[in-house]
Amino acid sequence: MIVDLKELYHEQLREILCAKSQMVATLPEYSRLAGSRQLRDVLNRHLSVTRAQRQQLLDLLAGHGLDHGSDEFRPMRGLIRGAKLQLARTLTGPVREAVLIASAIRLEHLEIACCESGRLSATRLGLDDDAQVLLECLLEDHEAVEKLTTTGTESISPEASHPVAHA
Ligand SMILES: [Fe+2]
């Protein structure tokens with residue numbers, strides 16, 4: 001049972017760590033599936049950023065004397081599983097590219113929501129250094145969303161919106 005804001009914050013930190021770990025596991029697969037070099041570059045660069053964020057979360061948890069907790073954040077797992085099912089039903093080419101970008105944007109927004117919630121708790125607890133780390137994380141994720149959106153706008157051809165005849 002969560003009895004106070006401090007315990008809630010600790011749980012939020014563990015959730016953010018899980019989300020980052022799941023992103024570190026997922027982004028290489030998305031990069032492998034990406035057809036365009038532009039999208040691969042965006043995904044690979046954000047993989048490096050996410051690895052660093054994950055280490056920052058580990059440091060925050062250690063600073064509070066906390067263990068890692070669960071290996072999985074269920075909302076993130078649900079989004080990743082849904083995207084994998086959609087990808088399995090999607091032909092390669094521009095439509096797959098659009099699915100990858102849409103999924104990555106959804107995942108980033110979930111990360112942002114988690115970091116924003118954690119930052120709010122940290123601020124209310126007077127943990128200004130923690131709040132600053134979480135602010136930087138969510139700004140980096142906002143930047144990733146912008147790059148993914150730009151990539152989607154620039155790299156996905158109009159043919160992606162046309163229905164594809166199946167054999
Ligand atoms: Fe991210």
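Student: Which helix is Gly-63 found in?
Tutor: Gly-63 belongs to helix 2, and please keep in mind throughout that this is a predicted model.

Student: And how does Gly-63 count, by its C-beta neighbours inside 10 Å?
Tutor: Gly-63 has 13 C-beta neighbours inside 10 Å, and therefore counts as partly exposed, since the partly exposed class lies between the limit of 12 or fewer for exposed and that of 20 or more for buried.

Student: How far apart in space are Gly-63 and Asp-130?
Tutor: Their C-alpha atoms are 9.8 Å apart, although 67 residues separate Gly-63 from Asp-130 in sequence.

Student: Stepping back, how many helices and strands are there?
Tutor: The protein has 5 helices and 0 strands, so that reading from the N terminus the order of elements is α-α-α-α-α. The C-alpha trace spans about 60 × 30 × 20 Å along its principal axes.

Student: What share of the residues is buried?
Tutor: Of the 167 residues, 32% count as buried. As for contacts between residues at least 6 apart in sequence, 78% of them join residues at least 24 apart.

Student: Which residues have the most contacts inside the largest nonpolar core?
Tutor: That core has 33 residues, and those with the most contacts inside it are Ile-16, Ala-19, Leu-43 and Ala-104. Two or more residues come from each of helix 1 (5-33), helix 2 (37-63), helix 3 (74-88), helix 4 and helix 5 (128-155), and helix 1 gives the most, with 9 residues.

Student: Take Leu-43, then; what is it in contact with beyond its neighbours within four places in sequence?
Tutor: Setting those neighbours aside, Leu-43 is in contact with Leu-27, Tyr-30, Ser-31, Ala-34 and Ala-104.

Student: How do helix 1 and helix 2 cross?
Tutor: Their axes come within 9 Å and cross at roughly 155°; because an angle over 145 degrees counts as roughly antiparallel, helix 1 and helix 2 are roughly antiparallel to each other. The crossing in which helix 1 passes helix 2 is left-handed.

Student: Changing topic, what should helix 4 span at 1.5 Å a residue?
Tutor: Helix 4 (residues 94-124) has 31 residues and should therefore span 45 Å, which agrees with its end C-alpha atoms being 45 Å apart.

Definitions and conventions
Residues numbered from 1 in each chain as written. Predicted model: local features only at pLDDT ≥ 70, side-chain atom pairs only at ≥ 80, totals over all residues. Helix = DSSP H or I, 4+ residues; strand = E, 2+ residues; numbered from the N terminus. Expected span 1.5 Å × (residues − 1). Core = buried A, V, L, I, M, F, W, Y, C linked by C-beta atoms within 7 Å. Contact = placed C-beta atoms within 7 Å. Axes fitted to C-alpha atoms, helices over the stretch in contact; angles between N-to-C directions. Parallel < 35°, antiparallel > 145°, perpendicular 65-115°, else oblique. Left-handed = near helix turned anticlockwise from the far one by under 90°.
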